[in-house]
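Work through the exercises below with the structure open beside you. Try each task before you read its solution.

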Amino acid sequence: MKKDWRIYALRGDFDSLAQRFGIDPVVARVIRNRGITTPEEYENYLFGTLDSVNPPETMLDIELGADIIADSIEEGKKIRVVGDYDVDGVMSTYILYDALKKLGADVSYDIPHRVRDGYGMNVRIVDDAHNDGVETIITCDNGISAVTAVEKAIEYGITVVITDHHEIPPELPEADAIIDPHQTGDGYPYKDICGAVVAYKFIQVLYKRLGRELEKDAYIEAVAAATVCDVMPLLNENRIYVREGLRRLEKTEHIGLKALIKACGIDNKTLTGYHLGFILGPCVNAMGKLGDAKDALELMITDDPVFAEERAELLHETNESRKAETAEGEEKAVSQLAENMKIVNGESVPKDDVIIVYIPELKEGLAGIVAGRLRERYYRPTIVFTDTDGDKSIIKGSGRSIEAYNMFEKIDCHRDMCIKFGGHPLAAGLSIKREDFEEFRRLLNEDAGLTEADLVPKMMIDVPMPMRYASLRLAEQLESLGPFGNGNEEPLFAEAGMEILGYFIGGKNNNFLKVKVRSSKGEVHEVKYFRPQEFEECINRWFTPEECDKMKKGVSTGCKIDIAYTLSVNDFRNVKECDLLIKAYDKS
């Protein structure tokens, strides 16, 4: 896919910073591109530990909430933790439930079912709590919008403490304490934290209130997983949580996590943010999407190794099913779109600026994943509709958007067509009548307001750096800036006008490409890529058959491309070297 290449233009005294912190000036510049400005911020970014994160006491109501829960424990009241069905919700529930249990609390939990309940605490959950004799409810990763459910709790005389991290709605529930860093008047300095971090901070205050000691890295593995899987920025304290969580995860004694790591076949690997976000996290998420998230929570709270192995296998198998069903759903969507395509810049793209498809029988929990896949494939805002389990005249949609398209505002203009609707600029969930599908698709495309430039993804280059500058020392320093992810992307470099001298396709499944290139200065380099078929398709589109044939045979033709690349440390048989990996390329 063609991309709009842009270069960061942030200024700084990189030589001075490099000398002060013992890093390469290129590394200093990369850190500046992550929004780090002052020497103190550089210090924390490079060397921050759990001792340097923000103290929890500045959160509004956190000490009041701790007092309420402490009193409930001391008075022997039944406490119920109410979480959510995604990774953040499961990990938040685990943190609160396990910590309260270790304090001797009479504690239980509930997690809404995605299909039967929908998101967050509802009246059914409160009714069940009342029938079970629960006197105190504490939420995590939800609750800030649970106005009706809290009203019902008040009717029953149930005390409610909310811990959440979502944006504040126009109307707040009348809870006894609300802990959410986005509240007006909250003094917590860093707002972009997930629900598990809020729960983790709450437990720290509660233990202190009860005079109990809590290890500073307790629950850090769960916090790391939730932070990555909820796509929080990996900056400030989040980066510290994930970095420390990964270190502990590699040698974890947590029975459930250890079993899941083994079930996923990564027990002998150096774990990274990728393993959290794309291997372990999806196994937890799959239960909420295809089954019951309580099955994932039971893996986190068990102390039985045999049960843990069985449950971990269930999570892994469910995720494999989820991947297969997602791929099938994506294939059906692509097949639908095939009849409505056009050619732009030599690429086949949908004619509609807003992709809206209906895939019958696709599980509700997979609609958002398929929408995300289509958004990535075509870089278009996408809404995928599927059938509901109830009224067959109603279809349910999940949307994923792009930077230039505020999906919430655009759908809100047609709220009268929605039976249910909610979301934010980059994602939305809604239900409409099946008979309104075509009209809804037409209206959203009519007022999409997107230009051709809006539909080209932007790619930020850290430094336009000649490949000759790459070295093992630089690669190792760059690697230390991880974990990489949202807000702390892997450093990206670029060099223009690289002549293709030849290329080789290898690997077990012909999935590996080595390209020999020559710079304008005459230096020859070898770069690696893992999409060889795509590379061949591109050069065959850009250059003549004769030129392509010569390139494949290693004969110089003068054909040039611009290359965006990353540096990687290749450690093979205890011999380290710096690899250049292609991330994007375009005709010069």
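The exercises that follow use a predicted model.

**Exercise 1. The open sheet**

Find the open sheet of 5 strands and give the order of its strands.

Solution. 
- Step 1. Recall the rule. Strands of a sheet pair through backbone hydrogen bonds, either parallel or antiparallel.
- Step 2. Read the order across the sheet. It is β3-β2-β4-β5-β6, and the pairing is parallel.
- Step 3. Zoom in on one pair. β2 (residues 78-82) and β4 (residues 136-139) run parallel and are joined by 4 bridges. Valine 82 has threonine 139 in β4 as its bridge partner.

**Exercise 2. A helix on the sheet**

Which strands does helix α6 lie across? Then place valine 123 and list its contacts beyond four places in sequence.

Solution. 
- Step 1. Helix α6 (residues 123-131) lies across β2, β3 and β4. Its angle to β2 is about 160 degrees.
- Step 2. Valine 123 belongs to helix α6.
- Step 3. The relative accessible area of valine 123 is 27%. Buried means under 20% and exposed means over 50%, so valine 123 counts as partly exposed.
- Step 4. Leave out neighbours within four places in sequence. Valine 123 is then in contact with Thr148, Ala149 and Lys152.
- Step 5. Glycine 390 is 267 residues apart from valine 123 along the chain, and 19 Å separate their C-alpha atoms.

**Exercise 3. The hairpin**

In which sense do β7 and β8 pair, parallel or antiparallel?

Solution. 
- Step 1. Strand β7 (residues 341-344) pairs with strand β8 (residues 347-350) in the antiparallel sense, over 4 bridges.
- Step 2. Pick one bridge. Methionine 341 is partnered by proline 350 in β8.
- Step 3. Inspect the turn. The hairpin has 2 residues between the strands, and asparagine 345 takes a positive phi near 50 degrees.

**Exercise 4. The nonpolar cores**

Which residues touch the most other members of the largest nonpolar core?

Solution. 
- Step 1. This core holds 131 residues. Leu100, Phe202, Leu206, Phe535 and Leu567 touch the most other members.
- Step 2. Find the main contributor. Helix α8 (residues 195-209) gives the largest share, 10 residues.
- Step 3. Follow one member. Not counting residues up to four places away in sequence, phenylalanine 535 touches Ile500, Tyr503, Leu513, Val515, Tyr529, Ile561 and Tyr585.
- Step 4. Look for another core. A second, separate one has 24 residues, including Val354, Phe437, Phe440 and Leu444.

**Exercise 5. Cavity and pocket**

Which element gives the most residues to the lining of the largest cavity?

Solution. 
- Step 1. The largest cavity has about 70 Å³ of space.
- Step 2. Its lining includes Met91, Glu221 and Gly281. α9 (220-229), α11 (255-263) and α12 (273-290) are the elements that give two or more residues.
- Step 3. α12 gives the most, with 4 residues.
- Step 4. Turn to the second largest pocket. Its volume is about 420 Å³. Of its 20 lining residues, Tyr94, Asp98, Lys102, Tyr219 and His254 lie nearest its centre.

Notes:
Residues numbered from 1 in each chain as written. Predicted model: local features only at pLDDT ≥ 70, side-chain atom pairs only at ≥ 80, totals over all residues. Heavy atoms only, no water. Pairing = 2+ DSSP bridges. Contact = heavy atoms within 4.5 Å. Axes fitted to C-alpha atoms, helices over the stretch in contact; angles between N-to-C directions. Core = buried A, V, L, I, M, F, W, Y, C linked by side-chain atoms within 4.5 Å. Buried < 20%, exposed > 50% of the residue type's maximum accessible area, 1.4 Å probe, protein only. 1 Å grid on protein atoms, 1.4 Å probe; cavity = no way out; pocket = protein on both sides within 12 Å on 5 of 7 lines; lining within 4 Å. Points joined across faces, edges and corners; volume = space filled by probe spheres on them.
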